[in-house]
Amino acid sequence: IIMKVLVCTLFPACIHALISPQRGWGRYSTSTIRASIMPPHPANPTAQDTTNTIEDPPIIHFNSAGSSPMPPRVLSAVTSHLYLEASLGGYLAEERASDRLRAVYASCAELVNASDVSEIALVESATVAWTRAFYSIAESTASTAVGPGDVIICSEMEYAANLVAMREVAARRGATVVACPSTTAGTVDVAAFRSLLASLGDA
């Protein structure tokens, strides 16, 4: 979906030029579409291509969080698949890429030493990953499930989306969300955290 929105947003002129009621993408080769809608991209990026090299001199970003620039290897993979979708359509392009998609799960399983690829879940963002993991633990049928009288401890600097999930679960299951104080540097105050745990234990 993201890829299709990107194409329609960035390349309206090419869509008008290449498509008419009498013609479709089928009469154009991938190379023709590529030349019409995108500048050349690295053909064979190496494993060492991990920095943004479009700027001269290269820019190294430390403050981009989830929006850091793509390394050339990622940019090449994304644009190559966009070209494939433009030529074949989304469904056939996905079928062509199925082996590579499955290989990603195998690579991730190897990286974290998972016993099977079924233990790996890939989602669209870290926020989605965190909230899914949180809900699966907090609302399970095991002893980890949140219940009446329970306390969920978070940081004063907690990410907003995480806090929304905590408060939503707490409201539905009769629990309470408590923020642990931070130090002047913005990190969790470990001493305050210990005191908070002790007070909850006494309660």
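Arg172 and Glu168 sit four residues apart in helix H8, so about one helical turn separates them. Helices here are DSSP runs of H or I with at least four residues, strands are E runs of at least two, and both are numbered from the N terminus. The side chains of Arg172 and Glu168 meet in a salt bridge, at 2.4 Å from N to O. A salt bridge puts a side-chain nitrogen of Lys or Arg within 4 Å of a carboxyl oxygen of Asp or Glu.

This is a predicted model: local features need pLDDT of at least 70, side-chain atom pairs count only at pLDDT 80 or more, and totals for chains, interfaces and linings use all residues. Residues are numbered from 1 along each chain as its sequence is written, and side-chain values use heavy atoms, leaving out hydrogens and water.

Arg172 has another partner. It forms a salt bridge with Glu139, with the closest N and O atoms 2.1 Å apart. This pair links distant parts of the chain: Arg172 is in helix H8, Glu139 is in the loop between H7 and E1, and 33 residues separate them. Arg172 has 47% relative accessibility, so it counts as partly exposed. Glu139 is partly exposed because its relative accessible area is 30%. Glu168, at 31%, is partly exposed.

The structure holds three salt bridges. One of them joins Asp99 and Arg102, with the closest N and O atoms 2.4 Å apart. Both residues lie in helix H6 (residues 98-111), three residues apart, about one turn of the helix. Asp99 and Arg102 are exposed.

Now go inside. The largest nonpolar core has eleven residues, among them Phe134, Ile152, Met166 and Val177. Such a core is a set of buried Ala, Val, Leu, Ile, Met, Phe, Trp, Tyr and Cys residues joined through side-chain atoms within 4.5 Å. Helix H7 (126-138), strand E1 (151-155) and helix H8 (160-173) are the elements that give two or more residues to this core. H8 gives the most, with four. Ala175 is a core member too. Leaving aside neighbours within four places in sequence, Ala175 is in contact (heavy atoms within 4.5 Å) with Val146, Gly147, Asp150 and Ala170.

What about the cysteines? A search of the whole structure finds zero disulfides, that is, pairs of cysteine sulfur atoms within 2.5 Å. For Cys180, the nearest cysteine sulfur is that of Cys154, 8.8 Å away. Cys180 has 2% relative accessibility, so it counts as buried. Cys108, at 24%, counts as partly exposed.

Turn to the surface. Val151, Val188, Phe193, Leu197 and Leu200 form a nonpolar patch with about 350 Å² of accessible area together. Patches are made of residues with over 30% relative accessible area and no salt bridge; like charges are joined within 9 Å, nonpolar side chains (Val, Leu, Ile, Met, Phe, Trp, Tyr) within 5 Å. Accessible areas come from the Shrake-Rupley method with a 1.4 Å probe; for residues, only the protein chains shown count as cover. Helix H9 (residues 190-202) supplies the largest share of the patch, three residues. Phe193 is in H9.

Finally, the whole chain. It has nine helices and two strands. Buried residues make up 22% of its 203 residues.

Methods:
Buried < 20%, exposed > 50% of the residue type's maximum accessible area, 1.4 Å probe, protein only.
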